[in-house]
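Visitor: I am new to this structure. Could you show it to me and take a few questions?

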Amino acid sequence: MNSHHPSSTRGITRRRFFRNATAASATLALQPSFHHALAEESAAGYQNPIMGGDHPDASPIRVGDDFYLTHSSFDYAPGLLIWHSRDLINWTPVAAALLRYYGTIWAPYLCEYNGHFYIYFPANNKIQVVHAVHPTGPWSEPIDLGVSAIDPAHIAENGRRFLYTNGGQMVELTADGLGVKSAVRSVFSPWPIPPSTRIECTCLEGPKLLAHGGYFYLNVAEGGTGGPATSHSVISARSRHSEGPWEFSPYNPIVHTQSRDDRWLSLGHGRLVDTPDGKWYMTVHSYENGYRTLGRQLLLLPVEWTADGWFRVAPEIAADSTIPMPRLGTSQQPFAGPSDDFTSSTLGLQWSFWHEYDLSRFETGKGFLRLAARGKDLHDTSVLTNPVGGHSYTIEADLEVQDGCEAGLLLFYNPQHATGITATSSGLHVRMGNGLVFDHQVGKFSRVTLRIVNDRQEIDFYFRFDQQAWQRSSESAEISGMHHNVLGDFLDVRPALCAWGANCATFRNFRYWPEVNIPD
């Protein structure tokens, strides 16, 4: 994960973790490959992102012929969603490691040791661990390791187990990996970023570790996730021992955005993973130029090993290239949409609540989701969300509201910044991202269908009562400024269902289209 701006609601911020780090960073250009012969048909290639929308700080591993990963869940629960793939490109959510809200979750580290699986993660700046016999769980309850840090990474050598964290720190773990047996100590310093490079901060963070070919490899992130487009980067080092000393790669930075005109900005936070047939890849996250509202999306880059035991991204491969599929005979599929008819008795894995996960609050199945109102207004409710990618999309739901309840559809960044259309038993309310609300008195109705159309970050609102003709509100919104560089907190804009006030709301037929869909 990356630098965090100070907030009065969080006692320890990323800035404080990194305030003593020295400034630094350089650029390794990922050259365009439009004229490079990839010797593959275009149908056998993939394009980034491999996960659209906000899936930052990904932590992939291979288990036999299968791949699993988790990523930061931040302020949402269930948390630490587990994804599965057979080809590193097409991913499906299969489980969640955290089944209630434990606080803000940054940069988890999924790993396997002696046939057992662990996720080390920071919750409210305290390192925790959960463990399981299989990546899909069930996972244990979190164990607090008593370490104040973020961005943990696990490595083992000769039966000893270590945990690296942000700022070049390391601590030795107990043999079972569920406790700490030494004091935290410094073992790694930042790579010297050239002062001509525009960065947000040095922010030494995001360690990722690998044992390969007689060396231990340490990837870190430097430069800061936010700020200028060229801020973030992947820096690598190696050592003969898991405790160091570390030698910097001559190919540093391994990955780095070259220009603010590139499509993919603030490339960084890289972890290596291999395929069963010996290919190597690295996941990184990145903001898309012009669409920071989508959060940090997940990209995959092929990696090559050099004769002298270093790795690099092939110079002819760019993050926006068409790249051969890792597994022959497969193809990249469209991202699965979050549409839900609410016929399952359990809430789908595409959904997560803001700052809570209260099973008593909702009922699902039988074709509806009944959501009890929570809080007095948007500022103290918990919305139900799902992250999506794409420059344009449309969401819709049928809604019934009881007296005293206000409910509807939002595009949600945080409780202070959301846009959407909500309904009470006698009126409609259109909300702008700056908090301005327009009220429309429409009289009593039994059911309303609401639709939000996101047309490249310009937002229109539609509604119809009891299957009558569609109407469009006179107000529209614009959300391009709803992102971390403006608002902080490393969040994204995502579709959400909401209900506050009293009693409850009933949602049916939540529909998602990955394009502009203006009703007839």
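This is a predicted model: local features need pLDDT of at least 70, side-chain atom pairs count only at pLDDT 80 or more; totals for chains, interfaces and linings use all residues.

Visitor: How many salt bridges does a search of the whole structure find?
Guide: Side chains of opposite charge can pair when their charged atoms come close. A salt bridge here is a side-chain nitrogen of Lys or Arg within 4 Å of a carboxyl oxygen of Asp or Glu. Searching the whole structure gives 25.

Visitor: Is R238 buried or exposed?
Guide: R238 forms a salt bridge with E247, at 3.7 Å from N to O. Buried means under 20% relative accessible area, exposed over 50%, and partly exposed in between (1.4 Å probe, protein chains only). E247 has 42% and is partly exposed. R238 has 8%, so R238 is buried.

Visitor: Which strand holds E288, the partner of R263?
Guide: R263 and E288 meet in a salt bridge at 3.1 Å, N to O. Strands (E, at least two residues) are DSSP runs, numbered from the N terminus. The two residues are 25 apart, with R263 in the loop between β19 (255-256) and β20 (264-274), and E288 in strand β21 (residues 280-288).

Visitor: How many residues apart in sequence are the parts that E396 and R451 tie together?
Guide: The side chains of E396 and R451 form a salt bridge at 2.4 Å, N to O. E396 is buried at 3%, and R451 is buried at 7%. E396 lies in strand β29 (residues 392-401) and R451 in strand β34 (residues 448-455), so the parts they tie together are separated by 55 residues.

Visitor: What is the volume of the second largest pocket?
Guide: A pocket is an open set of points on a 1 Å grid over the protein atoms alone, where a 1.4 Å probe fits, with protein on both sides within 12 Å along at least five of seven lines. Grid points are joined across faces, edges and corners, and the volume is the space filled by probe spheres set on the points. For the second largest pocket, that gives about 520 Å³.

Visitor: Which residues lie nearest the centre of the second largest pocket?
Guide: Lining residues have an atom within 4 Å of a point. The lining of the second largest pocket has 22 residues, and nearest its centre are Y109, L209, L210, A211 and R271.

How values were computed:
Residues are numbered from 1 along each chain as its sequence is written. Side-chain values use heavy atoms; hydrogens and water are left out. Helices (H or I, at least four residues) and strands (E, at least two) are DSSP runs, numbered from the N terminus.
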